[in-house]
Amino acid sequence: MFTDHQLKEMAGINTKSPALTVYLNTDPAVGNAETIKLRLRALLKGVEPEPDVKAVMDYFETHQPMAGRGLAMFSASGEGFFRAVWLGVPVRDQVFSGHQFAIKPLADIFDLFGGYGVILIDRQGARVFHFHLGELVEQEGVLGTLVKHTKRGGASTVAGQRGGTAGQTNYEDEVVERNMKEIAAFASHFFEEKHIRRIVIGGTDDNIALFKTQLPKTWHSLIIGSFAMSMTASHAEVLAKAMQIGKEAEAARDLQTVRSVISRAGKHAGAEIGLENTFQAVSQSRVQTLVVTEGFRQSAHRCTGCGRLTLHSNPQCKYCGSKIVPVEDGVELAVNEVMRSGGEVEVVRTNPDFEKVGNIGAILRY
Ligand SMILES: [Zn+2]
């Protein structure tokens, strides 16, 4: 499993030699090994440096059958560095050649498909799942006391029918409540241990409501949705449902994030909007959360001394006097920089309002 920690590590790698990044869609739905290999060849046509291209081709050819629906490869052969990451979700074909690894597409996938906790509940127990990047990482279960529908005490309670019925209902409720307490404690522990960032609940409306009353408040903000599903569902069914809810929740959150950064920037309340302003905030390590539209790229300029990014093509840096050189994608560099300084990157879908203000913005630390 590729973790957030490893993602941050990748973003922190400073290659002194050229670096090649390749994202490849290896979904069986789009082709077999042979056709994917041909696509990879076409993608790499004319790409340099040759040793990295060779390393990437070699890896693909010697790692069959494919271990996922998406593959990311990072090669800096000048430093003897190579890493491949297989993903359970498809990626778009992309090739980046430069002095930095292109981490953003991987960060996007983490953003959409990382750290899912799914819990299926009924009145007696629960099954919990940890899905990460489209794959089942772990699955556990808890089983409480069987909720009996027969009368408590058997034949001896037959005499008092009214009392018996009331007693039975109370008893059932008690058992269910006790089970829910146990399920909630079990789930909290699981979510915490697996560093779950999103929770999806499956079950009947009644059981979901009961479960929520027992689940500590701190987890409530992570719940992104719920759905009706049987306890005996296959993990493929659970994953499909979770991914669907995840995508919907993500769209809603994107909208909220974009609105928030635009409104805060408008009031000068701890946010910046637009590329040049964002570059400045990045250079000053003031970015808490970088917000950027998916797929947004922009050529820019960068100081060879202090590393500042700018849209302006001044020959010299006004801060350190070093030479300023053009860079193919300033957004990518800003993403790397923010991740390196411990900030977050929020990749959002295309939004007309955000497009108007430049497709990028930042929520600041101070
Ligand atoms: Zn400088």
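The points below go from the whole chain to single residues.

1. The structure is a predicted model, and the comments that follow should be read with that in mind. The chain has 366 residues, of which 34% count as buried, and its C-alpha trace spans about 95 × 55 × 30 Å along the principal axes. Its secondary structure consists of 11 helices and 16 strands.

2. The chain is divided into domain 1 (4-112), domain 2 (114-233) and domain 3 (252-364), with the C-alpha centres of domain 2 and domain 3 lying 44 Å apart. Among the contacts between residues at least 6 apart in sequence, 70% join residues at least 24 apart.

3. Helix H2 (residues 33-44) packs with helix H3 (residues 50-62) at an angle of about 175°, and the two axes are 11 Å apart. Because an angle over 145 degrees counts as roughly antiparallel, H2 and H3 are roughly antiparallel to each other. On the side of H2 the contact is made by Lys 37, Leu 40 and Leu 44, and on the side of H3 by Val 53, Val 56, Met 57 and Phe 60. Sorted by class, this contact of H2 with H3 has six nonpolar residues, one charged residue and no polar ones.

4. Two cis peptide bonds deserve a look. One of them joins Glu 48 and Pro 49, with omega about -5°, and Pro 49 lies in the loop between H2 and H3. Another runs from Gln 64 to Pro 65, with omega near 0°, and Pro 65 is found in the loop between H3 and strand S2 (70-76). These bonds are pointed out because most peptide bonds are trans.

5. Which value does phi take at His 268? Phi of His 268 is near 55°, a positive value in a residue other than glycine. His 268 sits in the loop between helix H8 (235-266) and strand S10 (271-273). Because His 268 has 8 C-beta neighbours inside 10 Å, His 268 counts as exposed, the cut-off for that class being 12 or fewer.

6. Ser 285, which is not a glycine, also has a positive phi, of about 50°. The residue belongs to the loop between helix H9 (275-283) and strand S11 (287-293). With 13 C-beta neighbours inside 10 Å, Ser 285 therefore counts as partly exposed. For background, most residues other than glycine have a negative phi.

How values were computed: Residues are numbered from 1 along each chain as its sequence is written. This is a predicted model: local features need pLDDT of at least 70, side-chain atom pairs count only at pLDDT 80 or more; totals for chains, interfaces and linings use all residues. Axes are lines fitted to C-alpha atoms, for helices over the stretch in contact, and angles run from 0 to 180 degrees between N-to-C directions. Helices (H or I, at least four residues) and strands (E, at least two) are DSSP runs, numbered from the N terminus. Angles under 35 degrees count as roughly parallel, over 145 as roughly antiparallel, 65 to 115 as roughly perpendicular and the rest as oblique. Two residues are in contact if their C-beta atoms, placed from the backbone, lie within 7 Å. Ala, Val, Leu, Ile, Met, Phe, Trp, Tyr, Cys and Pro count as nonpolar, Asp, Glu, Lys and Arg as charged, and the others, Gly among them, as polar. Domain bounds come from an automatic or database domain assignment. A residue is buried if 20 or more other C-beta atoms lie within 10 Å of its own, exposed if 12 or fewer, and partly exposed in between; C-beta atoms are placed from the backbone.
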